[in-house]
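The sequence and structure are shown first.

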Amino acid sequence: MADKIKKSYKFSKSFYDDAITQGKWWSKLYFKLLWGGVDDNEIARRVLSWIPDDFKDKMLDVPVGTAVFTTEKYKRMKQADITCLDYSQDMLEQAEYRFRGAGITNIKTMQGDVGALPFEENTFDNVLCMNGLHVFPNKDKAYSEILRTLKSGGELLACFYIAGEQRVADWLAKTIMTRMGWFTPPFDTADDVKHRLEPYYDILDFHVEGAMLYFRAKKR
């Protein structure tokens, strides 16, 4: 499974940004079919708006992807200590290229697995997880590792595909997206996510649009 994910993102690196930013006609169709017409650019803006530009603490961004949504935000977060991690070296190299081009110097990038984060307990004040939780092969470990490395009072900010909201989206996720290695079942529903969060977090924001969930939760 791990090799399949690496190969899938290596294959898609030349068109990944166009796909998730709706930069082409075919990517607009992709979002209409898979996400129910949701504007991923707008969802990303809303999630990133939960992080103040003057954030001064430690934040983990996993998976960073190509940083297509986050680079402009990170340019304004000059006082933050940001670690960006991704399983795909191809995605990571594109993110690093963006950060260098933007003159961002307060970011550490590293290849790694969200299911075995190489950090001590209570390391981060915030964890940002955009378009990741529908990809991670072991979602139990991903949630557990994020919880372990997040400080009490720290926030988990996330957006990702959820099942049970759009029939076409569910079919595409289970067939094409899974077969290509871009998504990894099983997929949570909105209720599944709440059940994961509620024992450990206070849910501050929780929104479903189309087949996408985005939320902000504070660790107790």
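## Basis of the description

Buried means under 20% relative accessible area, exposed over 50%, and partly exposed in between, with a 1.4 Å probe and protein chains only. The model is predicted: local features need pLDDT of at least 70, side-chain atom pairs count only at pLDDT 80 or more, and totals for chains, interfaces and linings use all residues. Residues are numbered from 1 along each chain as its sequence is written, and side-chain values use heavy atoms, with hydrogens and water left out.

## Cysteines

Cysteine 129 is buried, at 0% relative accessible area, and cysteine 159 is likewise buried, at 1%. The sulfur closest to that of cysteine 129 belongs to cysteine 159, 8.1 Å away, which is too far for a bond. A disulfide is a pair of cysteine sulfur atoms within 2.5 Å; the whole structure contains 0 of them.

## Nonpolar cores

A nonpolar core is a set of buried Ala, Val, Leu, Ile, Met, Phe, Trp, Tyr and Cys residues joined through side-chain atoms within 4.5 Å. The largest has 28 residues, of which Leu156, Phe160 and Phe215 touch the most other members. Two or more residues each come from strand S4 (124-130), helix H7 (139-149), strand S5 (150-161), helix H9 (190-197) and strand S7 (212-219). A second, separate core of 27 residues includes Val47, Phe69, Ile107 and Tyr214.

Helices (H or I, at least four residues) and strands (E, at least two) are DSSP runs, numbered from the N terminus.

## Leucine 147

Leucine 147 lies in helix H7 and is buried, with a relative accessible area of 18%. Beyond its neighbours within four places in sequence, leucine 147 is in contact (heavy atoms within 4.5 Å) with Tyr200, Tyr201 and Lys219.
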